[in-house]
Structures are given as structure tokens and as C-alpha cells.
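Please keep the sequence and the 3D view open while reading.

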Amino acid sequence: MPANAFVYTELQTSVPFTEVPWEKLNDAIAAQPGFIDKTWFSGLGNNSVGGLYGFASVDDALRYCTDFFPALARDFGVAQTTRVFDNQPTKGASADMDAPHFGGQVTTEPAAFVYTEVQVAIPFENAPWQDRNPVLRRQKGLLSKIWLSGHNTNTLGGLDAFDTVENALDFAINEFPKTTAAMNAAYYTRVFDARVTEAASRGLNSPYYL
């Protein structure tokens, strides 16, 4: 079943991933309506906990964000962030960047993920992804990219997989700000260590691992 929507989550907590009860959580997450897969995130430098999830529909994704995940955040006693993205307008752009959710073949497992979101409102059909993708392909260490378009907001963003943490940090700290400056827009970036979450992600069918 294809992922027609993505959910991004992040808990405002600092927990080494070895202390996260991910096996128990995986069982509960996998039982949610429309759930397809999850790639777990552990914040580099701050140990925040989150992930990118594939869902069968936007309605399933919204149900997760308004019901299950807020209850989980209450259980942990922390604030939380959720975002919902509609994959229909972005799947061609993502497939063009070897995104494994859209037919891309994983030949190198990621060491890090970079999440980005730009504070703009641009319907994705008007986004210049055809010009941007060739530039991104030249980015050092980039393995694949999922393009993200905010549900009800049309924010632009993505999830980029990198071969090393160093290359991910270089993109997030040095390269991506040049793009947003040219757009005259504020932005949001997060870097996640993909190595510590591999087993948990495999347990929820993440397509990023061989």
C-alpha cells in the first residue's frame, strides 16, 4: 500500500534512544488505522524523539495527530510537534530524488536524516522542484530526498537522507540557509542520528534500510 500522507512528530524531551521503550511503542503505533511505516528519529545533540510516518490517507494521518499522539505526549508529560503532509502533489518530485517510499532503491543505509520546513505558502505545483533537484543531487553525501508539502499550509520542506552525520550537518548549517535566504523566508531544520534508531525503524517497516 502506498503512503499517501506523511506525519512528522517530535517530542520535547531528552532521552537517549537506548532508553526509549520503542518495542512497546512499535506495537501500539503499528495498530493505528492506515499506518504503513515509520522511520524513528533521535535528535542529534538533544535526544529528542520523533519520526516520519507513512499513512494510507490524510484522514488517517490527521486521526493519528489528533488522537493517538497527543495521548502519548501526555503519558510522557511533554509538549509535542506534529505535521501532516499530502503526498499526492509531491510524489513525482520525491521519486526523482530516489526516495525509497516512491520506488527509490536503497544502496547505502543512511547515517543521518535532515528534516527541513520553510515558512512559505506555495502550492507544490508552483514549487520550483525541477530546478532544485539537480542542485540537490550535487549535495555532498545526499542519498535521497522526500519532498513535503504541508496539509492546509503549503509549507515546503523535506526529509533528506545522508551518508554521514558530518554531511548532514554541513547541509543543515551551511547550505540550506543559503536557499532560504534567497527565498527571504524563515525556516526549521533538525538533524537526526539514523544509526541509533535503525532497529526500531526496521521494526516498523522503514524503507531506508537494506
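The largest nonpolar core of the chain has 23 residues. A nonpolar core here is a set of buried Ala, Val, Leu, Ile, Met, Phe, Trp, Tyr and Cys residues joined through side-chain atoms within 4.5 Å. Buried means under 20% relative accessible area, exposed means over 50%, and partly exposed lies in between (1.4 Å probe, protein chains only). The residues with the most contacts inside this core are Val7, Ile29, Trp40, Tyr53, Phe55 and Tyr64. At least two core residues each come from strand E1 (5-11), helix H1 (22-30), strand E2 (35-42), strand E3 (49-55) and helix H2 (58-76). H2 supplies the largest share, eight residues. Helices (H or I, at least four residues) and strands (E, at least two) are DSSP runs, numbered from the N terminus.

The model is predicted: local features need pLDDT of at least 70, side-chain atom pairs count only at pLDDT 80 or more, and totals for chains, interfaces and linings use all residues. Residues are numbered from 1 along each chain as its sequence is written, and side-chain values use heavy atoms, with hydrogens and water left out.

Which residues does Phe55 touch, not counting those up to four places away in sequence? Contact means heavy atoms within 4.5 Å. The partners of Phe55 include Pro2, Val7, Pro33, Phe35, Asp60 and Tyr64.

A second, separate core has 21 residues, among them Ala93, Ala112, Trp129 and Val191. Trp129 belongs to helix H4 (residues 129-137). Beyond its neighbours within four places in sequence, Trp129 is in contact with Gly92, Ala93, Asp96, Phe124, Pro134 and Trp147. Trp129 and Ser94 are 35 residues apart along the chain, and their C-alpha atoms are separated by 9.4 Å.

**The whole chain**

How many helices and strands does the chain have? There are six helices and eight strands. From the N terminus on, their order is β-α-β-β-α-β-α-β-α-β-β-α-β-α. The radius of gyration is 16 Å, close to the 17 Å that the globule rule gives for 210 residues, so the chain is as compact as a globular protein of that length. This radius is taken over C-alpha atoms, and the globule rule is 2.2 Å times the number of residues to the power 0.38. The C-alpha atoms fill a box of roughly 45 × 35 × 30 Å along the principal axes.

Of the 210 residues, 52% count as buried. Among contacts in the chain with a separation of 6 or more, 74% are between residues 24 or more positions apart. The accessible surface comes to about 9,500 Å², and carbon and sulfur atoms hold 49% of it. Accessible areas come from the Shrake-Rupley method with a 1.4 Å probe; for residues, only the protein chains shown count as cover.

The chain carries 15 positive and 23 negative side chains, and the centres of the two sets lie 3 Å apart. Lys and Arg count as positive and Asp and Glu as negative, while His and the chain ends are not counted. Each charge is placed at NZ of Lys, CZ of Arg, CG of Asp or CD of Glu.

**Single residues**

| Residue | Relative accessibility | Class |
|---|---|---|
| Ser48 | 3% | buried |
| Val49 | 6% | buried |
| Asn47 | 27% | partly exposed |
| Asp98 | 44% | partly exposed |
| Ala31 | 59% | exposed |

Asn47 lies in the loop between E2 and E3. Its phi is near 55°, a positive value in a residue other than glycine. Ser48 has its place in the loop between E2 and E3. Not counting residues up to four places away in sequence, Ser48 touches Glu10, Leu11, Thr13, Phe41, Ser42, Gly43 and Phe192.

Val49 lies in strand E3. Glu10 is 39 residues from Val49 in sequence, but the two are 5.6 Å apart in space, C-alpha to C-alpha.

Asp98 is in the loop between helix H3 (91-95) and strand E5 (112-118). Asp98 is not a glycine, yet its phi is positive, about 65°.

Where is Ala31 found? Ala31 sits in the loop between H1 and E2. Ala31 and Lys91 are 60 residues apart in sequence and 25 Å apart in space, C-alpha to C-alpha.
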